[in-house]
Amino acid sequence: LVDGRMLSRLTKNDLKQTLKLTDPFHRTSFYFAVEMLKKLNYNFEEIERRRVESRQTKTDVLVWTNARVRSWLHNVGFGHYADNLGKAGIHGSLIACHTQFTSEDFAEVLQIPKEKTELRRVLSNEFNLLLSCGTERGLMG
């Protein structure tokens, strides 16, 4: 058993060797999950309360799980691609906090072909709407 506060002290080598997080994107995902825990002072009751409150809305993306992100994809018409997130490491804190994670990156993770430009445009619009409604990141820019 590890105290949650120790998670932020893990090095890149710790993540690779101890936790077997060899994929750079998964390490990034882990980093933003830990950032969410720190922002909420490792208060798991608060995290769960906020998850319940945002279950049916596009708010508080920071606390969304991968399953909640997939549910949102179904709701905005991308259910066909939602299963591609199963092992991708995409969760709310990554979307809410990783300012370099774009709708194009999301489309790649979802495996939407590049030639489906209209579909990617719709995803971009939905993604940007999600950022503006449910994250502080959306308010920044």
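Helices here are DSSP runs of H or I with at least four residues, numbered from the N terminus. The model is predicted, so that local features need pLDDT of at least 70 and side-chain atom pairs count only at pLDDT 80 or more, while totals for chains, interfaces and linings use all residues. Residues are numbered from 1 along each chain as its sequence is written, and side-chain values use heavy atoms, with hydrogens and water left out.

Helix α2, spanning residues 24-39, contains 16 residues and reaches 23 Å from its first C-alpha to its last, close to the 22 Å expected at 1.5 Å a residue, where the expected span is 1.5 Å times one less than the number of residues. Its buried residues (under 20% relative accessible area, with a 1.4 Å probe and protein chains only) are Arg 27, Ser 29, Phe 32, Val 34, Glu 35, Met 36 and Leu 37, and they pack against α1 (12-17), α3 (44-53) and α6 (92-97), contact meaning heavy atoms within 4.5 Å.

Just after α2, Asn 41 takes a positive phi of about 55 degrees, and this residue lies in the loop between α2 and α3. Asn 41 counts as exposed because its relative accessibility is 58%, the cut-off being over 50%. A positive phi, near 50 degrees, is also found at Asp 60, a residue other than glycine, in the loop between α3 and α4 (66-75).

Notes:
Helices (H or I, at least four residues) and strands (E, at least two) are DSSP runs, numbered from the N terminus.
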